[in-house]
Structure formats: C-alpha cells, structure tokens
Amino acid sequence: MSHTAHIPSHRKPRRSASKIALRAGVAGGVLSTLAVAAAAGTANAAEPVSETIEMPTLTADLSAQIAQSADATQQAADSYESRAEQDAAAAKAAKQAKEDQAKAEKKAEAERKAKAAAAKKAEEERASRSSERTTLSTQSTSAASDTSDAPAPASGSVGTVISFLKSQLGDAYVMGASGPNAWDCSSLVQAAFKQAGVDLPRVSQDQSTMGTEVGTSNLQVGDILYWGGKGSAYHVGVYIGGGQYLDAANPGKGVVIQDLSGYPASGAVRVL
C-alpha cells in the first residue's frame, strides 16, 4: 500500500460526458437565442417605426380642443361685455328716471302753488265783490229810505258794469245791434260785463243759465235779471239796486232804468 493512499486527492472529480454535453447544449441554445434576438433587433432597427402614425390624429384632436376652448373663452368675454352694457344701460335708465321724477315733482309743486295762489286771489276777489255789494246795498237802502229813486252808486268790478250801463242810457234799441249807440237787451248785458272781464254768451237764453241762480227776493247789485224760463229767457237786464234795473227795453223806450215792481223778473243769476 502506498504511503499516500490514505491522503484524499485534491483533484476535482471529472465531470461525466453527459453533463458536459448537456451544458454545451444549453450554452449553445442560449447563444443561439441571443443571436436570433440580436438579428431581430437589427432588423427592427432598420425598419421604420410604425407607432408614429397616430400622431396626426392626436394633433387634430388637440387643435379641436384648443379651438373649442378659444370659442368658449370668446363667448364668455362676449357675455361679460353684454352684461356690462346691460348694467350700464340699467344704471343710465335709473338715473334718467330719478331726474324725470324730480322734474315731475318740481312741476307738480309749482302747479300746486299756482293753484293755491289763484284760489287765494279768487277768494280775495269774491270777498271784495261781497264788500262792494254790501256797500252798495247799504247805500241803496239809505237811498230808498230817503224816498229817492236814484240808483245806488257803484264801485269796483260791479261798479264798472253799472257805470258802463248808465253811460248807454238813451241809446236806441235795435234787434241784433251790438253798440256802440244801439243795442238789444242781451248785447247790452254782454258788453257791460265784458268791461269787468266776464265773457257772457250773446243771447238771453244762454245768459240766463250762467253763474249762480239767485232768488228775486235776494238780489244784489250786478245780478242779471231774466224774463221767461231759465234757458229759454226772452229778455234780460241788470239789477242796479233800490228795486230798479237797467235794460235795453224795446224800440219805443231804448236803454232805460225801470222799477221791478212794474215788470217783475222771472229769475236772476249772479256772475260777479
């Protein structure tokens, strides 16, 4: 027995031929696979990339979206501009309405003041006429108590009417005449009251419907007397106080002063 027989050998055991062959086959397969993959990679690299054909479609869609977004932005801008214009118009209309209301209120106030002033003036004139009538009536009563037939003196607007009538005494009576030297009953009355600023109708029928109806027992100087029915009167004259009246009587008398007792009137109206 060798003296080294008991020492284990440091040599690697030989691989079996089958294992070596198997490993060679696996290695060859791997290398073949790698070669095929490399060839395929080279071939694919030489061919054009087909995935880029989708880019035009994506670009068109993106352009459409951008265009839609731009349209939406423009619409929003237009909407804001329209709203701003509407708000401005509304503000302008409100301002104009306020100005118009202020003008209307100012005008109404001016009209109210004017009416109040006119009413005050009319009241003062009525008070003045009432005072005139009171004075004339007092004077007429005094004259009557003195058994005098002279009519009471007159003043103011009523006095203007009476003075005009007296200035026509002796003028002729002519049917349809209107002065200055010939009259009929209604033209004389119309002309007399025109001197005091009162416009009367031309004919006796219409004159009997003017002013305020008063009883013949409550006459005042300046009242218009009428004979016949109200609205159908056939004659008119003016009361001058003291139970007398002045009228354009008829063609035989002309313009004269007469007593009511001899020819009582049917009614009377007051326009002053």
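In which helix do Arg 112 and Glu 109 lie, and what separates them there?

Author: The model is a predicted one, and the values below are computed from it. Arg 112 and Glu 109 lie in helix α2, three residues apart, which puts about one helical turn between them. Their side chains meet in a salt bridge, with 2.5 Å from N to O. An α-helix has 3.6 residues a turn, so residues three or four places apart point the same way. As to cover, Arg 112 counts as partly exposed at 48% relative accessibility, and Glu 109 is partly exposed too, with a relative accessible area of 31%.

The structure holds five salt bridges, and another of them, between Arg 83 and Asp 87, has its closest N and O atoms 3.4 Å apart. Arg 83 is exposed, with a relative accessible area of 53%, while Asp 87 counts as partly exposed at 43% relative accessibility. Side chains of opposite charge can pair when their charged atoms come close.

A further pair has its place in another part of the chain. Arg 270 forms a salt bridge with Asp 223, the closest N and O atoms being 2.8 Å apart. Because Arg 270 lies in strand β8 (residues 267-270) and Asp 223 in the loop between β3 and β4, this pair ties together parts that are 47 residues apart in sequence. Both residues are covered, since Asp 223 is buried at 0% relative accessibility and Arg 270 counts as buried at 17%, each value being under the 20% that marks a buried residue.

Asp 223 has other partners besides Arg 270. The side chain of Asp 223 reaches the backbone nitrogen of Gln 220 at 2.8 Å. If neighbours within four places in sequence are left aside, Asp 223 is in contact with Val 214, Asn 218, Gly 237, Val 238, Tyr 239, Val 269 and Arg 270.

Strands of a sheet pair through backbone hydrogen bonds, either parallel or antiparallel.

Within this order, strand β4 (residues 224-227) is joined to strand β5 (residues 235-241) by four bridges, and the two strands run antiparallel.

The hairpin of β5 and β6 has two residues between its strands, and in it Gly 242 takes a positive phi near 65 degrees. Strand β5 is mostly covered, with seven of its seven residues buried.

Eight of the ten residues of α4 are buried, namely Cys 185, Ser 186, Ser 187, Leu 188, Val 189, Ala 191, Ala 192 and Phe 193.

The secondary structure comes to five helices and eight strands, which run α-α-α-β-β-α-α-β-β-β-β-β-β from the N terminus on. Of the 272 residues, 25% count as buried, and Asp 223 and Arg 270 both count as such. The accessible surface comes to about 17,900 Å², of which 57% belongs to carbon and sulfur atoms. Among contacts with a separation of 6 or more, 53% are between residues 24 or more positions apart. To return to the opening pair, Arg 112 and Glu 109 are three residues apart within one helix, α2, whereas Arg 270 and Asp 223 tie together a strand and a loop that are 47 residues apart in sequence.

Methods
Residues are numbered from 1 along each chain as its sequence is written. This is a predicted model: local features need pLDDT of at least 70, side-chain atom pairs count only at pLDDT 80 or more; totals for chains, interfaces and linings use all residues. Side-chain values use heavy atoms; hydrogens and water are left out. Buried means under 20% relative accessible area, exposed over 50%, partly exposed in between (1.4 Å probe, protein chains only). Contact means heavy atoms within 4.5 Å. Accessible areas come from the Shrake-Rupley method with a 1.4 Å probe; for residues, only the protein chains shown count as cover. Two strands pair if DSSP finds at least two bridges between them. A polar contact is a pair of N or O atoms within 3.5 Å; within protein, one must be able to donate a hydrogen and the other to accept it, and residues adjacent in sequence count only if both atoms are side-chain atoms. A salt bridge is a side-chain nitrogen of Lys or Arg within 4 Å of a carboxyl oxygen of Asp or Glu.
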